[in-house]
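Subject: Structure handover

Hello,

Please find the structure below. My notes on it follow.

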Amino acid sequence: MKDCNNKCSESGGDFKEAVETFKAKDLIITPATSFKDKPDPECLVFGSEFTDHMLVVEWCAESGWGIPCIKPFQSLSMHPASSALHYAIQLFEGLKAFRGVDNKIRLFRPHLNMERMFRSAVRSTLPVFDPQELLECILQLVKLDQEWVPNSTSASLYIRPTLIGTEPSLGVKKPRKALLFVILSPVGPYFSSGTFNPVSLWANPKYVRAWEGGTGDYKIGGNYGSSLWVQCEAAEHECQQVLWLYGKDHQITEVGTMNLFLYWINEDGEEELATPPLDGIILPGVTRKSILELTREWGEFKVSERYLTMGELTSALEEKRVKEMFGAGTACVVCPVSNIVYKDQKLHIPTMENGPKLTSRIFTKLNDIQYGREPSDWTVDLP
């Protein structure tokens, strides 16, 4: 009988060939025997509640991937010298399952998350896997815990795949042991202010989120943990998020953990939706990609991936050419921006005064797809 033990040894093994990927067909499911109460969808705090089960797959260099297992949600047991704890050898993803108005459960473009996780694994020297096999395992996990998908069009089930180095060694090296796990969390609006309330941004060129040649375009924990100091500084200045700048010309890059979009009349007098290009310091967001594809399909205005600087934004504000600015990401879909604190000045962004026409339209379109009001090949139905 198959079990969930990977049979990895500490010093080597007699395996003839390492397993290159785990297979969803080998999945072992051990159902929970006790179940937690489901929270009220109207009272959810982002990422604080977790479902009854989790997915776990072990890996070691000698034998490769072990058997994927779904088991009752539980704490992890790790050696205190595990490489993830000391050198941040870890990565994660974030995607959602939605209960539609037809009661069907859908995931939004999950293949993109799986492919991005694969790329992050390569950059982090962690073991790679077949993205489709991981997605099939995740679908089975969501199916088992489907009662946790909120019956609300303002809530969803957040899916957090994670891959960490677990080799018990203090050597700074590529880990020979790793653990992939997936946990689920029912969530409401990401920001406590609500789903569609505008935020103020703190822009201090003293700090950078990412740099050329670094890991800013991968979804790894180190990118996020190092941002918390600046986030606290933003809060001290009564701002909800950080506007990350880069370079001597103070290029606008990202908003907190979101991609950024500016809807304006550009220098050439064109109506334009612009977002910074994927040049190595910008995370290739799934929502970002979706907005670009959607608005280009509309064909109503210019859609550009281009550099934007604070100087250009300031001039545009003075000339009243700015229409809307918003962040975009899985957690919030889109988030309108109302103010930027920059060089001791508060720059007002007239997003809400302009509707916000485009921000609202994008939110409604994506929301309709996610909750099944509009059919789309961007969604994957739960089997």
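In which helix is the place of N113? N113 sits in helix α2, which covers residues 110–123. Please keep in mind that this is a predicted model.

N113 counts as buried, because its relative accessibility is 1% and the cut-off for buried is under 20%. Leaving aside residues up to four places away in sequence, N113 touches E93, G94, L95, F108 and V286.

The second residue I looked at is Y246, which lies in strand β11 (residues 241–246). Y246 has a relative accessible area of 19% and is therefore buried, given that buried means under 20%. Residues up to four places away in sequence again set aside, the contacts of Y246 are V208, A210, W211, E212, Q251, T253 and I281. I also checked Y246 against W202: the two are 44 residues apart along the chain, and their C-alpha atoms are separated by 14 Å.

Next, the cysteines. How many disulfides does the structure hold? The number is 0. C232 is in no disulfide, and the nearest cysteine sulfur, that of C239, is 13 Å away. C232 is partly exposed, with a relative accessible area of 48%. C332 is in no disulfide either. For C332 the nearest cysteine sulfur belongs to C335, at 5.2 Å, and a disulfide would need the two sulfur atoms within 2.5 Å. C332 has a relative accessible area of 8%, so C332 is buried.

Now the chain as a whole. The protein chain contains 8 helices and 19 strands. Its C-alpha atoms fill a box of roughly 70 × 50 × 35 Å along the principal axes.

Two items remain, surface and charge. The protein chain exposes about 17,500 Å², and carbon and sulfur atoms supply 51% of that area. There are 40 positive and 49 negative side chains, and the centres of the two sets lie 2 Å apart.

That is what I have for now.

Regards

Key. Residues are numbered from 1 along each chain as its sequence is written. This is a predicted model: local features need pLDDT of at least 70, side-chain atom pairs count only at pLDDT 80 or more; totals for chains, interfaces and linings use all residues. Side-chain values use heavy atoms; hydrogens and water are left out. Helices (H or I, at least four residues) and strands (E, at least two) are DSSP runs, numbered from the N terminus. Accessible areas come from the Shrake-Rupley method with a 1.4 Å probe; for residues, only the protein chains shown count as cover. Lys and Arg count as positive and Asp and Glu as negative; His and the chain ends are not counted. The place of a charge is taken as NZ of Lys, CZ of Arg, CG of Asp or CD of Glu. Buried means under 20% relative accessible area, exposed over 50%, partly exposed in between (1.4 Å probe, protein chains only). Contact means heavy atoms within 4.5 Å.
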